[in-house]
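Colleague: I would like to learn how to read a few features of a structure. Could we take them one at a time?

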Amino acid sequence: MIEDYLSHLQVERRVSVHTLDGYRRDLHALVAWAPGDVVGLAEADIRAFVASEHRRGLSPKSLQRRLSAVRSFYQWLLKHGRVVANPASGIRAPKAPRKLPQVLDPDEAKALVEVPTDAPLGLRDRAMLELFYSSGLRLSELCALRWRDLHLADGLVDVRGKGGKERIVPVGSHARAALEAWRSDTHARNGDDPVFPGRGGGPISARAVQIRMRQLAQRQGLFKRVHPHLLRHSFASHVLESSGDLRGVQELLGHADISTTQIYTHLDFGHLAKVYDAAHPRAKRRPK
């Protein structure tokens, strides 16, 4: 039954491999805990399961994710008439403290993306980093890109995000130039070819991009934890800081809920607070 649900997520909702693995772990944890068939569990059982996982040391964030998977699973069972009610619908996990994402400042972002193009794979690396920062793509979105998705003459890219949702995102002039140079170097002619191929000719793996970014960051003198999502965070923060348009940033990022995007308003305030502290003669608001 759980495998049927996971197949539904993969085929119909087209969730990422990472999301699918997370749901599998969470639901198998419920099965391992349950005294009997999960179809017969009541609300009190789900509460007991969450409490048990909490005692086991799971963080509030992990509990939220686990409960979300369970809730979604029972909603699917309800839709198919296998249960008469969703026992997880009224249960909420403990609130997790909201952790602000780290970002690069504009100078750090510039230093990262401007990798030398005469190095081995330099044109590819430059195009990859410029596109990440220019368009705020998710790692999975960048890996899946095909040349047919890029409309460089118009400065646009078609992106398929979470759940197969499509959006069109601008591509900046520096990223366009880097991608044109990379396309010329690879002699790409087929629109179905991946923009960033891996060793076997298929799309580059997410892991390969993560490792490469870490190497490039160190080479460019950025000795902090640099990862693909850091450039997405930086893109969002810098656009919001300049424009103040939260709804526009939501559309660019492909967030279904604007509350997800609102975390960047906290980042923007943090930037303004630092400017205030540095510039105002009586700005020291907290004793050190």
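Modeller: We can start with one side chain. W76 counts as buried, at 9% relative accessibility. Buried means under 20% relative accessible area, exposed means over 50%, and partly exposed lies in between (1.4 Å probe, protein chains only).

Colleague: What should I know about the model and its numbering?

Modeller: This is a predicted model, in which local features need pLDDT of at least 70 and side-chain atom pairs count only at pLDDT 80 or more, while totals for chains, interfaces and linings use all residues. Residues are numbered from 1 along each chain as its sequence is written, and side-chain values use heavy atoms, with hydrogens and water left out.

Colleague: How many aromatic pairs does a search of the whole structure find?

Modeller: Rings of Phe, Tyr and Trp (its six-membered ring) pair if their centres lie within 6.5 Å; planes under 30 degrees apart count as stacked, over 60 as edge-to-face and the rest as tilted. The search finds five such pairs. In one of them, Y5 and F73 have ring centres 5.5 Å apart and planes at 65°, so the pair is edge-to-face. Y5 is in helix α1 and F73 in helix α4, 68 residues apart, so this pair links distant parts of the chain. Helices are DSSP runs (H or I, at least four residues), as are strands (E, at least two), numbered from the N terminus. Y5 is buried, with a relative accessible area of 1%, and F73 is buried at 0%.

Colleague: How are the rings of Y5 and W76 arranged?

Modeller: Their centres are 5.4 Å apart and their planes at 50°, so that pair is tilted. W76 lies in helix α4, 71 residues from Y5. Ring pairs link Y5, Y23, F73, Y74 and W76 into a cluster.

Colleague: At what angle do the axes of α1 and α4 cross?

Modeller: Axes are lines fitted to C-alpha atoms, for helices over the stretch in contact, and angles run from 0 to 180 degrees between N-to-C directions. Angles under 35 degrees count as roughly parallel, over 145 as roughly antiparallel, 65 to 115 as roughly perpendicular and the rest as oblique. The axes of α1 and α4 come within 11 Å and cross at roughly 95°, and the two helices are therefore roughly perpendicular to each other. Contact means heavy atoms within 4.5 Å. Here I2, D4, Y5 and H8 of α1 meet S72, F73 and W76 of α4.

Colleague: Which residues of α2 are buried?

Modeller: L20, G22, Y23, D26, L27, A29 and L30 are. They pack against α1 (2-11), α3 (43-55) and α4 (60-79).

Colleague: How many residues does the largest nonpolar core have?

Modeller: A nonpolar core is a set of buried Ala, Val, Leu, Ile, Met, Phe, Trp, Tyr and Cys residues joined through side-chain atoms within 4.5 Å. The largest has 42 residues, and L112, L179 and F196 have the most contacts inside it. Helix α6 gives the most to this core, with five residues. Apart from it lies another core, of 29 residues, including I2, L9, L20 and L77.
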